[in-house]
Amino acid sequence: MKFTLAWLKEHLDTAATLDEITFALSDLGLEVENVTDPAAALSTFSIGKVVAAEKHPDADRLKVCRVETGSGETQIICGAPNAREGITVVVAAPGTYVPGIDTTIQVGKIRGIESHGMMCSERELELGEGHDGIIELPSGTAGQPFSDWLEENDPGRTDPVIEIGITPNRPDALGVRGIARDLAARGLGTLKPAPAPEVPGTFPSPVSVTIAEDARDVAPVFCGRLIRGVRNGPSPDWLQARLKAIGLRPISTLVDITNFFTHDRARPLHVFDAGKLAGGLTVHPARGGETMMGLDDKEYTFEPGMTVISDDAGIQSIGGVMGGLATGCTTETTDVFVESAWFDPVRTAFTGRALKINSDARYRFERGVDPASARDGLELATRMILDLCGGEASEAVIAGAAPDTTRAYPFNPDRVVSLVGMDIPEAEQRKTLEALGFRLEADMAHPPSWRPDIQGSADLVEEVARIASLTKLEGKPMPRPRPGLPAPVLTPLQRRERTLRRTVAGAGYNECVSYSFVDQASAALFGGGGPDTKLENPISSEMSHMRPALLPGLLQAAARNQARGQGELALFEIGAVFSGGEPENQSLVASGILVGDATPRGVHGARRGVDVFDAKADLEQALASIGAPAKAQIRRDAPGWFHPGRSGAICLGKTVLGVFGEIHPKVLSALDVKGPAVGWTLFPDAVPYPRSSGTGRPALKVSGLQAVERDFAFVLDRQVAALDVVNAAGGADKALIESVRVFDEFTGEAAEAQMGEGKKSLAIAVRLQPMERTLTDEEIDAVSKKVIEKVTKATGGSLRG
Amino acid sequence: MDDLRQKYLAAIAEAKGEGQLEEIRVAALGKKGEIALEMRKLGQMSPEERQTAGPALNALKAEVNDAILARRSGLADAALDERLKAEWLDVTLPSRPVRSGTVHPVSQVTEEVTALFADMGFSVAEGPQVETDWYNFDALNIASHHPARAEMDTFYMARAEEDDRPPHVLRTHTSPVQIRSMLAQGAPLRVIAPGRVYRADFDQTHTPMFHQVEGLALDTDISMANLKWVLEEFCRAFFEVDDVELRFRASHFPFTEPSAEVDIRCSWEGGALKLGEGDDWLEILGSGMVHPNVLKAGGIDPEVYQGFAFGMGIDRIAMLKYGIPDLRAFFESDLRWLRHYGFASTAVPTMRGGLTA
C-alpha cells in the first residue's frame with residue numbers, strides 16, 4: 001500500500017514530521033517498507049542569484065557567472081543558454097552529489113577558469129525532464145535551501161511517498177483514511193471529518209439492478225446511479241499526480257476517480273459506459289463456461305458459482321474483481337453507470353485465484369471491504385464525477401442491503417493489563433477503542449463496520465496494546481517453573497540423537513542437512529517414490545517425493561562433491577525419513593557413507609579403498625555410543641540397495657538395529673557416484689532403552705589368576721559364518737571362556753588347494769579366565785576338547801591338522 | 001698391588017666390547033685370576049701383614065668390579081646410541097591420515113537454543129513434518145479461506161483419487177507442535193519445538209526447506225512483558241553480547257493476539273553486523289500472546305490459562321551469529337562448506353562452558 005504524505009494529510013490534521021509518522025506506522029503494525037522523500041535528496045542544494053554573467057574568454061557557449069550564495073559570492077562556469085544576470089537559480093556547491101548525472105561536484109578549471117559549483121537543470125535534480133537550461137525560480141533568496149523553497153511554493157514536487165506492508169487482518173488500512181485513523185488514535189493528529197452527503201437525483205435511473213436469489217449471500221448489496229452528459233477526458237493534474245505518485249497510470253477521469261477511491265477509502269468502484277449496456281444489470285452466479293473480455297484485454301472463462309454482473313447481452317463484469325472491456329468507459333463515454341457494491345471475501349478470493357486476476361479491487365474485497373461503505377462510496381464518486389466531468393445524476397438504485405456486521409464483545413481492561421503486562425489506565429483504553437471507531441456500551445465493545453478482523457475480546461486487547469505502543473513494553477523476569485536447579489529436559493531419543501551426532505562426527509564424518517524431498521527415481525532406488533509420498537506441487541522434479549531414506553541424499557551429495565574433485569568423503573545425516581504420506585509415517589534414522597580411499601595413497605602403506613568392514617566398524621561404534629548391547633547377531637538380509645554379498649544387518653532377535661554394506665553398483669551408477677562406496681543406517685529408536693534401575697553399577701569382577709589363551713584352526717565350508725564359529729566356541733564353557741577372537745582367515749585358491757574345493761580355514765583364539773583357582777592341564781584340555789566338539793558340530797567343519 | 005690396580009683399570013677403560021670386558025674380568029677376578037690368586041696368598045701371611053693386605057685387596061676387588069660394571073653400561077649405552085642413530089626417520093613426512101568430522105551449523109545452533117531454553121525450564125517437543133491441515137492451519141486459527149493460507153506457499157501431499165480428506169501439508173511452520181504439545185501435556189506448559197519447515201519458495205534468500213524453533217509458555221499469569229524478558233535473555237546469551245536491545249512492533253499473526261514482530265538493535269558498519277549497537281533494527285522473529293482459539297484447539301481453557309508463543313528461523317540466527325552468507329549453501333552438502341562452517345564434535349554447547357567453544 002502506497003500513499004503520499006500530502007494525501008495522508010487530507011485525512012489527518014497533524015504537525016508530525018515524516019520521521020514521526022513513519023516510526024508510528026511501523027510501531028502500529030503498518031510496517032513501513034519504503035519511504036521516498038524527494039526533499040531529502042534535494043536538501044543539499046540551495047538557492048543562488050546570478051549577479052553577473054560574462055562570456056568565457058576561451059569558449060563561445062560557456063559563461064563565467066558570479067553567483068550570490070548563502071556563503072558569499074562565488075564563480076561558476078555554466079554552459080546553459082539561459083544563464084544570465086539577474087535570475088534565481090539552484091546551486092550545487094562543491095561536494096554536493098547530483099543525482100541526475102550521478103556525480104559529486106568538485107572545484108575544477110573549465111578551459112582555464114575555476115568553477116566553484118554548478119547551477120542545475122530539472123533533469124539533473126530528477127525533478128522532471130527539463131534540460132533546455134538551468135532552473136529559473138520566480139522567487140527565493142540566496143542561501144535558502146532549495147527543498148524549503150519547494151515545500152513553500154510547489155509542495156507536490158517534494159511530497160514523500162510512503163509504502164507500507166499491510167497484514168491480512170487490516171483491510172481498512174488499504175485506504176489512506178484507515179491509516180490516518182490509526183495515526184489519530186495514536187495521538188499523531190486528528191482525523192478530519194469526511195462526510196458523504198447524498199447527491200439528489202433529478203431523474204430515475206434508466207439502468208435497473210437485480211441481485212439474483214442465489215447470489216444474495218455473496219453479493220448482498222449493490223448501489224448504483226447513472227450520470228448522463230459527462231465529459232470523460234484526462235483527469236485534472238492533482239488527481240493524475242496522486243495516482244502517479246503511487247505508481248498508477250492515469251487513464252481517464254472516470255477511471256481515475258474509481259482508482260482514487262479504491263486507495264483513498266479502500267472502496268473499490270466500477271464504472272460502466274451506460275450507452276453500451278443492454279437493459280438492466282443482474283448480479284448472479286456464473287453457470288460455467290461463459291466468457292468475457294476483461295479490461296486487461298484478456299478473455300476469461302467462468303466456472304460455476306463465480307459472481308458476475310450481466311446485462312441482457314451477457315456477462316459484463318466480474319464482481320469484485322474486474323470489469324469487462326465491452327462496457328468499459330472510454331473518452332467517448334457520455335452516460336456512466338457507477339457501481340458501488342459489496343462482494344464476499346471468500347468467493348472473491350476463489351474467483352480471483354481461479355481466473356489468475358490480481359486487481360486492486362480483488363485485493364481489497366478478498367480481505368474485506370467495509371460493507372457499510374457501499375452507499376457512501378456511491379455518493380462520493382457521484383460528487384466527484386459531477387465536479388470533474390459535469391453531467392446530471394439520476395436517483396440512486398439500491399439493490400439488496402448491506403450485510404449486518406453489528407456485534408459486541410466483552411471488554412475487560414484488567415485482562416489487557418494482565419495479558420500485555422503494561423499498565424494502561426482504563427480511560428486510555430476506552431479512548432483508544434473509541435478513536436478506532438468502536439462504540440463502548442458499559443463493558444461491551446461494538447466494532448466498527450470496517451474492522452471484520454475483530455472477532456472477540458482478544459482482538460480488543462491487541463488494538464489497545466498496539467495503539468499504546470509495544471515499543472514501550474518492558475521485559476519482566478519469568479521465573480523457572482520450579483525453584484532450584486533446572487531439571488533435564490531431553491527425552492531419551494533426543495539424547496540419543498545428540499550422542500550419535502557427536503560420536504559420528506568424532507569418527508570423522510561431516511554432518512549434512514539434505515532436503516527432505518528427492519526425485520522419484522532416487523527415492524525408488526531406496527524403496528520409496530510411491531504415490532503416497534508424492535508432493536502435489538513440488539518445486540521441481542528433483543524434489544518430488546519425501547525421502548524414504550537418508551542414503552539417496554548423501555550419495556547425491558557425494559556425486560556433487562566428486563564432480564568438484566573431492567575424492568574421499570565421509571558424510572552423515574540424522575533426520576526424518578518417510579515411509580508414507582501420513583503424519584505417523586515419519587521416523588528418525590542416522591546414516592553415513594564412506595566414499596573413496598580408507599587409506600589414501602601415501603608413505604605409510606598400500607592405498608586401500610573403503611570396504612564393508614569400515615562401514616560395519618562405524619555402525620558398531622555408533623550403536624555402542626547409545627548403549628546397544630555388544631553381543632548382537634549379524635544377519636545377511638540387508639536391503640536391496642546394498643551389495644547382496646557384502647552387506648549385513650545388526651539385529652537383536654527380530655529387531656534390526658542397523659544395516660551396513662557396500663552400496664549396490666547399480667545404485668552407484670544411477671546416482672553417478674564413483675565407488676568404492678559403503679554406507680550404514682542406524683535406527684536409534686530400535687535399540688532397547690535401559691530399564692530404569694537407579695544409577696548404581698554392578699560390582700567389578702576381576703580375577704588375580706593367570707588367563708590362558710588357546711588357538712584353534714578349523715577347516716570349514718567357505719560360506720560358514722565366522723560369527724557362528726565364535727558363538728559355538730564361546731558356548732563350550734560360558735563361565736570359563738572370557739572371549740573368542742578370530743585372528744586369521746585363509747581362503748582362496750591356495751587354501752582350496754590345501755584343504756579341498758570350497759573350503760577355508762578360520763583360526764580363533766579362545767581366552768580362558770579362571771576365577772577361583774589356577775587351571776590344571778587336564779581342565780584346559782577338557783575345555784579345548786569341548787570347543788572343538790561344539791564348533792565342528794555347529795559348522796560341520798573339522799580341526800585343521 | 002698398585003700395579004695390579006693400574007693394569008686392570010687401564011685395561012677396562014680400553015675394553016672395546018662385552019667379550020673383552022669378560023676376558024678382563026676372568027683374568028682379574030676369575031677363580032684363577034690375578035686378584036683371586038693374591039687373595040689366596042692372604043692365608044700364608046702373618047696376622048699383621050694380613051691386617052693391611054686384606055682390606056686393600058678387598059677394596060681393589062670391589063674397585064675393579066665396579067669399573068667393569070660401569071664400563072659395561074657405558075658400552076651398552078654407546079651401542080644403543082649407535083643403533084638409534086641408524087634408526088633415523090624423516091619426521092617431516094605426513095602423519096597417518098585421520099579424518100576429522102564436523103557438526104552442521106543447524107544442529108549446533110539447535111543445541112545452543114535448546115541449552116538456553118532448557119535452563120529456563122522449556123522442554124523440547126517434536127512433531128511430524130507431514131501434517132494434517134487441521135494442525136497446520138485450522139487449530140492455529142487459520143480458517144480455510146484465510147488469506148494467510150494462500151500466502152504461505154504451502155506444499156501439499158498428493159491425494160489418491162478415492163481419498164476425499166483434505167490433503168496433508170508439509171508443515172509451513174513449527175506452530176502445529178504447539179497444538180500437539182498442549183493436547184498431550186496440558187497446562188502449565190513450557191516447550192520449544194525446533195525442526196524442519198517447508199514453503200514452496202526458492203530464490204536468493206529462500207529455500208523450500210528451512211528450520212524454525214517455536215517457543216510456547218502457558219500459565220495463569222504469563223504476560224507479553226515476560227515474553228520480552230525471555231527473548232532479551234535469550235538474545236543476550238545466544239548472540240553472546242552483553243547488551244541487547246529488542247523492539248516489539250505490533251503485527252498480525254492469526255495464532256497470537258496481540259502479535260509483535262521483534263527487532264534487535266544492530267549496526268552494519270563496514271558491512272559487518274554488530275548486535276547491540278548502532279541505529280539499525282533487524283527483524284529476528286515473530287511472537288505474541290497465544291490466541292484463545294488456539295488454546296481451545298489445544299484443549300486448554302483460555303479463561304484460566306494464558307501465555308506466549310514465538311517462532312524464529314534457526315538457519316537465520318545461525319547466519320547472523322556466525323556470519324554465514326548464503327542460506328542455500330546450508331543444504332548443498334559441499335564438503336568445503338561443511339568443513340569451514342561446521343563445528344568440532346567436542347564443541348557441545350553448554351550453559352557452564354559457553355555456547356561457542
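What volume does the second largest cavity have? About 50 Å³. The views below come from a predicted model.

**View 1. The second largest cavity and its lining in chain A.** This cavity has a volume of about 50 Å³. Its lining is made by V218(A), T307(A), G319(A), V321(A), F343(A), D344(A), R347(A), T348(A) and T351(A). Helix α8 of chain A, residues 345-355, gives the largest share, three residues. Sorted by class, the lining holds three nonpolar, four polar and two charged residues.

**View 2. The largest cavity, lined from chains A and B.** The structure holds two cavities of 30 Å³ or more. The volume of the largest is about 70 Å³. Thirteen is the number of residues in its lining, and those closest to the centre are L28(A), N169(A), R170(A), R466(A) and S251(B). Two elements each give two or more residues to this lining: α13 (457-468) of chain A and β6 (246-253) of chain B.

View 3. Two packed helices are described by the angle between their axes and the distance between the axes. Here α5(B) covers residues 105-119 and α9(B) covers residues 224-239. Their axes lie 10 Å apart, at an angle of about 130 degrees. The crossing of α5(B) and α9(B) is right-handed. From α5(B), the contact takes in V109(B), E112(B), V113(B), L116(B) and F117(B). Facing them in α9(B) are V230(B), F234(B), A237(B) and F238(B). Eight residues of this contact are nonpolar, one is charged and none is polar.

**View 4. Helices α1 and α3 of chain B, packed roughly antiparallel.** Helix α1(B) runs over residues 2-14, and helix α3(B) over residues 34-41. The angle between them is about 160 degrees, and their axes are 11 Å apart. Angles over 145 degrees count as roughly antiparallel, so α1(B) and α3(B) fall in that class. Their crossing is left-handed. L4(B), K7(B) and Y8(B) of α1(B) make the contact with E34(B), I35(B) and E38(B) of α3(B). By class, the contact has three nonpolar and three charged residues, and no polar ones.

Terms used. Residues numbered from 1 in each chain as written. Chains lettered and ligands numbered in written order. Predicted model: local features only at pLDDT ≥ 70, side-chain atom pairs only at ≥ 80, totals over all residues. Heavy atoms only, no water. 1 Å grid on protein atoms, 1.4 Å probe; cavity = no way out; pocket = protein on both sides within 12 Å on 5 of 7 lines; lining within 4 Å. Points joined across faces, edges and corners; volume = space filled by probe spheres on them. Helix = DSSP H or I, 4+ residues; strand = E, 2+ residues; numbered from the N terminus. Nonpolar A, V, L, I, M, F, W, Y, C, P; charged D, E, K, R; others polar. Axes fitted to C-alpha atoms, helices over the stretch in contact; angles between N-to-C directions. Left-handed = near helix turned anticlockwise from the far one by under 90°. Contact = heavy atoms within 4.5 Å. Parallel < 35°, antiparallel > 145°, perpendicular 65-115°, else oblique.
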